[in-house]
Amino acid sequence: MKHFLNTCDYTRPELQAMLDEAKRLKDSPMGDALKGKTVALLFLNNSLRTRTSFDIGAHQLGGYAVVLSPSGGMWPLEFEDGVVMDGDAEEHIAEAAGVLSRYCDLIGVRAFPKFVNWEEDRKDKILNGFAKYASVPVINMETITHPCQEMAHIMALQERFEKQGKGELDGKKFVLTWTYHPKPLNTAVANSALMIAAKFGMDVTLLCPTPDYVLDQRYMDIAKKDTGEQGRSLTVTHDIEEAYSGADVVYAKSWGALPFFGNWEPEKPIRDAHKHFIVDEKKMAMTNDAVVSHCLPMRRNVKMTDAVFDSPACMAYDEAENRLHVQKAIMKHLLG
Ligand code: CP
């Protein structure tokens, strides 16, 4: 049984086949691939795009989506194995996954890190627990990576480059830039952006304020392997001009520095000192007429100026729309 937990579990041709299916579904949205099928969508964190696009996507393919969340009255879950459940949790993940598998044909899981202990968070226990105990395919709806966002991003890039006559993604300069945010955020989208840009043959640059903001070695290694195998590069820089010069793609995201998980006090002054990492017109002028995007939600004029976000270079709406199409393709793929 296949899950959709991380894009690194799939080859580039396998992902491209799903992207091609997503493009067909964009042209012809309705179908019956999920007729009589039910999708459980478990949200342990907030969402606008993921929740809406999965729900509508299941409906458009003839299926039905059930949204579950703690605020919606779900029993508090226990995720650790072998514990004495004398705390708040009323139900173990084993039973939750097992029972949902009897009712549903797919299970989607959103479970962000707790931001207290990265060594624990990086185990991705909730997602992996569902994959272990469910007897139906599980989809990662964002945990410590965000593979559905990756797919939507690549689809939007391929569409945009084709429309602009810029050709394939291979060899394009992709810049993932850290941006300021008042709070330390999940590294999921940053991990994902790095991996998918590498997988699709781009020269990848990670721009971040200091070495503390470099991403988890697991994702750096995956990106390094994929770029290396395709004769491409993976560069880490703290120099804004070096990163933006000649860029074809600028992807903006904020994230908390991994060494400060559990003690964010000393990280805040570093973050506050780098508000100038905002994506603005001056930086975009250094690029090779780059497209720019963000996964959303995004704080305007904190991460990206209005002038850039509202410019024709920005493809954030296309990327958000494509969540619907790629997720339908993923659900179809998993149901075979
Ligand atoms: N990009 C994204 O996943 O959006 P939501 O958090 O609104 O689902």
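Asparagine 301 is partly exposed, because it has 13 other C-beta atoms within 10 Å. The scale behind that word is this: a residue is buried if 20 or more other C-beta atoms lie within 10 Å of its own, exposed if 12 or fewer, and partly exposed in between, with C-beta atoms placed from the backbone. Bear in mind that this is a predicted model: local features need pLDDT of at least 70, side-chain atom pairs count only at pLDDT 80 or more, and totals for chains, interfaces and linings use all residues. Residues are numbered from 1 along each chain as its sequence is written.

Asparagine 301 sits in the loop between strand 11 and helix 12. Helices (H or I, at least four residues) and strands (E, at least two) are DSSP runs, numbered from the N terminus. Phi of asparagine 301 is near 60 degrees, a positive value in a residue other than glycine.

Leucine 296 lies in that loop between strand 11 and helix 12 too. Its phi is also positive, near 70 degrees, and leucine 296 is not a glycine either. Leucine 296 counts as partly exposed because 14 other C-beta atoms fall within 10 Å. The peptide bond from leucine 296 to proline 297 is cis, with omega near 5 degrees. Proline 297 belongs to the loop between strand 11 (291–293) and helix 12 (306–309).

Now lysine 303, again in the loop between strand 11 and helix 12. Is lysine 303 buried or exposed? Lysine 303 is buried, because it has 22 C-beta neighbours inside 10 Å. Leaving out residues up to four places away in sequence, lysine 303 touches, among others, Thr179, Tyr180, His181, His294 and Met298. Contact here means C-beta atoms, placed from the backbone, within 7 Å. UniProt, in an unreviewed entry, lists Lys303 for "modified residue: N6-carboxylysine". UniProt positions are given in the numbering used here, feature names are shortened, and annotations may be inferred rather than shown by experiment.

Next, the ligand. Which residues are around the ligand? They are Ser47, Leu48, Arg49, Thr50, Glu142, Gln149, Cys295, Leu296 and Pro297, where near means a C-beta atom, placed from the backbone, within 6 Å. So leucine 296 and proline 297, the two partners of the cis bond, are in this list. The shell divides into 4 nonpolar, 3 polar and 2 charged residues.

On to the strands. Strand 5 (residues 106–110) is mostly covered, with 5 of its 5 residues buried. Leu106, Gly108 and Arg110 are buried on one side, and Ile107 and Val109 are buried on the other. In a regular strand the side chains alternate between the two faces of the sheet. Strand 1 (residues 38–43) runs parallel to strand 5 and is joined to it by 5 bridges; valine 39 stands opposite leucine 106. Strand 5 is also joined to strand 6 (residues 138–140), in parallel, by 3 bridges, and valine 109 stands opposite asparagine 140. Two strands pair if DSSP finds at least two bridges between them.

Finally, there is an open sheet of 5 strands, in the order 9-8-7-10-11, with parallel pairing. Strand 9 (234–237) and strand 11 are the edge strands, each pairing on one side only.

Notes: Nonpolar A, V, L, I, M, F, W, Y, C, P; charged D, E, K, R; others polar. Contact = placed C-beta atoms within 7 Å.
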